[in-house]
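The stops below go selection by selection.

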Amino acid sequence: MKSGIYKIENQITKDIYIGSSVNLNNRKSRHFKDLENSKHHSIILQRAVNKYKIENFKFIVVEYCSVKDLLIREQYYLDNTSCELNLC
C-alpha cells in the first residue's frame, strides 16, 4: 500500500485535479468508479468527465510520501499548480 499525492489530468485540455491518499490504488479505483456512475464529489471534475469522456482522463502519481506528510504535500501542490478541477 503506497501513500502519496496524485493528479487526475484531462488529456485533452491538460486541466488537473490534485488529491492525496493513504492508498493510491484504492483511491484511483474509487475516483473512476464514482466518475463513471456520475456520483463524484467534485462537480467540476464530474462535469469535465461528462464533457470529455472518462477515457481522456489519466490518474498520475505526482509524489510518494509518508502518511504524516500527505496534507502538507497536497497543500503544496494545490498552492503551486493550476488545479482547475479542484473545488477550492
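**Stop 1**

Select tyrosine 6. At 1% relative accessibility, tyrosine 6 is buried. Keep in mind that this is a predicted model.

**Stop 2**

Select strand 1. Six of its seven residues are buried, so the strand is largely enclosed by the rest of the structure.

Show strand 2 (residues 16–21) next. It runs antiparallel to strand 1, and six bridges join the two. The bridge partner of tyrosine 6 in strand 2 is glycine 19. Strand 1 and strand 2 make a hairpin with five residues between them. Pick lysine 14 in that turn: its phi is positive, about 70°.

Then show strand 3. Seven bridges join strand 3 to strand 1, again antiparallel. Glutamate 9 has lysine 58 as its bridge partner in strand 3.

**Stop 3: The nonpolar cores**

Which residues make up the largest nonpolar core? Select Tyr6, Ile8, Tyr17, Leu24, Phe32, Leu35, Leu45, Ala48, Val49, Phe57, Phe59 and Leu85: these are its 12 residues. In soluble globular proteins, nonpolar side chains tend to be buried together.

Centre on isoleucine 8. Beyond its neighbours within four places in sequence, isoleucine 8 contacts Asp15, Ile16, Tyr17, His31, Phe32, Leu45, Phe57, Lys58, Phe59 and Leu85.

Another core lies apart from the largest one. It has seven residues, including Ile16, Cys65, Leu70 and Tyr77.

**Stop 4: Helix 3, both faces**

Select helix 3 (residues 70–80). Colour Leu70, Glu74 and Tyr77, which are buried. These residues cover an arc of only 60° around the axis, which puts them on the same side of helix 3. An α-helix has 3.6 residues a turn, so residues three or four places apart point the same way. Strand 1, strand 2 and strand 3 are among the elements that cover the buried residues of helix 3.

Turn to the face away from the buried side. Here helix 3 carries the exposed residues Leu71, Ile72, Asp79 and Asn80. Is aspartate 79 buried or exposed by its relative accessibility? At 55%, aspartate 79 counts as exposed, because the cut-off is over 50%.

**Stop 5**

Select tyrosine 76 and tyrosine 77. Their rings form an edge-to-face pair, 5.2 Å centre to centre with 85° between the planes. Tyrosine 76 is partly exposed at 41% relative accessibility, whereas tyrosine 77 is buried at 15%. A search of the whole structure finds two aromatic pairs.

Finish at lysine 2 and tyrosine 64. The charged end of lysine 2 sits over the ring of tyrosine 64, 5.2 Å from its centre.

Methods
Residues are numbered from 1 along each chain as its sequence is written. This is a predicted model: local features need pLDDT of at least 70, side-chain atom pairs count only at pLDDT 80 or more; totals for chains, interfaces and linings use all residues. Side-chain values use heavy atoms; hydrogens and water are left out. Rings of Phe, Tyr and Trp (its six-membered ring) pair if their centres lie within 6.5 Å; planes under 30 degrees apart count as stacked, over 60 as edge-to-face and the rest as tilted. Buried means under 20% relative accessible area, exposed over 50%, partly exposed in between (1.4 Å probe, protein chains only). A charge sits over a ring if NZ of Lys or CZ of Arg is within 6 Å of the ring centre and within 35 degrees of the ring normal. A nonpolar core is a set of buried Ala, Val, Leu, Ile, Met, Phe, Trp, Tyr and Cys residues joined through side-chain atoms within 4.5 Å. Contact means heavy atoms within 4.5 Å. Helices (H or I, at least four residues) and strands (E, at least two) are DSSP runs, numbered from the N terminus. Two strands pair if DSSP finds at least two bridges between them. The arc is that of the directions from the helix axis to the C-beta atoms.
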